[in-house]
Amino acid sequence: MRKRNCRVEIYFTKTELETLTKKVRKSGLSREGYCRRILNGAVVKEAPPAELPLLIREVRRVGYNIDQLLKRANSIGLLDVPQLRKALEDNRAVEKMIVDTYTTPSD
């Protein structure tokens, strides 16, 4: 049986409907899904660009390479490698920022 079986009809002005349509397109959701999320108090973000998984993968690859350099420097006795550690921290911060920007917290 259908979970949502109550129907609501809403009338919009042309401007209101255009505004709603623009926001729905940016979110990548259906009009109904967008409205439900807004009514439930969720913050609806723009849909991520299609290249996002590639970008995240590349940032992680760079972080992995820096981590390998740190391990190698440590194994040959170069104990003072603050620039590499800083680069790894910066890389992880960028990755977290990208993920936080384009993902919604689970309800």
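Helices here are DSSP runs of H or I with at least four residues, strands are runs of E with at least two, and both are numbered from the N terminus. Good morning, colleagues.

The structure before you is a predicted model, in which local features need pLDDT of at least 70, side-chain atom pairs count only at pLDDT 80 or more, and totals for chains, interfaces and linings use all residues. Residues are numbered from 1 along each chain as its sequence is written, and side-chain values use heavy atoms, with hydrogens and water left out.

I begin with helix α2, where Ile38 is located. Ile38 has a relative accessible area of 41% and is therefore partly exposed; buried means under 20%, exposed over 50%, and partly exposed in between, with a 1.4 Å probe and protein chains only. From Ile38 to Ile10 the separation is 28 residues in sequence and 15 Å in space, C-alpha to C-alpha.

Next comes Ser27, which belongs to helix α1. Is Ser27 buried or exposed? Its relative accessibility is 10%, so Ser27 counts as buried. A polar atom of the Ser27 side chain lies 2.8 Å from the backbone oxygen of Val24, and a polar atom of that side chain lies 3.2 Å from the backbone nitrogen of Leu29. Leaving aside neighbours within four places in sequence, Ser27 is in contact with Tyr34, Val44, Lys45, Glu46 and Ala47, contact meaning heavy atoms within 4.5 Å.

I turn to helix α3, residues 52-75. The expected span is 1.5 Å times one less than the number of residues. Which residues of α3 are buried? They are Leu52, Ile56, Val59, Gly63, Ile66, Leu70 and Ala73. An α-helix has 3.6 residues a turn, so residues three or four places apart point the same way. The buried residues of α3 pack against α4, residues 82-102. Just after α3, Gly77 takes a positive phi of about 95°.

Finally, the largest pocket. A pocket is an open set of points on a 1 Å grid over the protein atoms alone, with protein on both sides within 12 Å along at least five of seven lines; lining residues have an atom within 4 Å of a point. The lining of the largest pocket has 18 residues, with Val8, Ile10, Glu32, Cys35 and Arg36 nearest the centre. Helices α1 (14-27) and α2 (31-39) each supply at least two lining residues, and α2 gives the largest share, seven residues.

Terms used: 1 Å grid on protein atoms, 1.4 Å probe; cavity = no way out; pocket = protein on both sides within 12 Å on 5 of 7 lines; lining within 4 Å. Polar contact = N/O pair within 3.5 Å; in protein donor to acceptor, adjacent residues only side chain to side chain.
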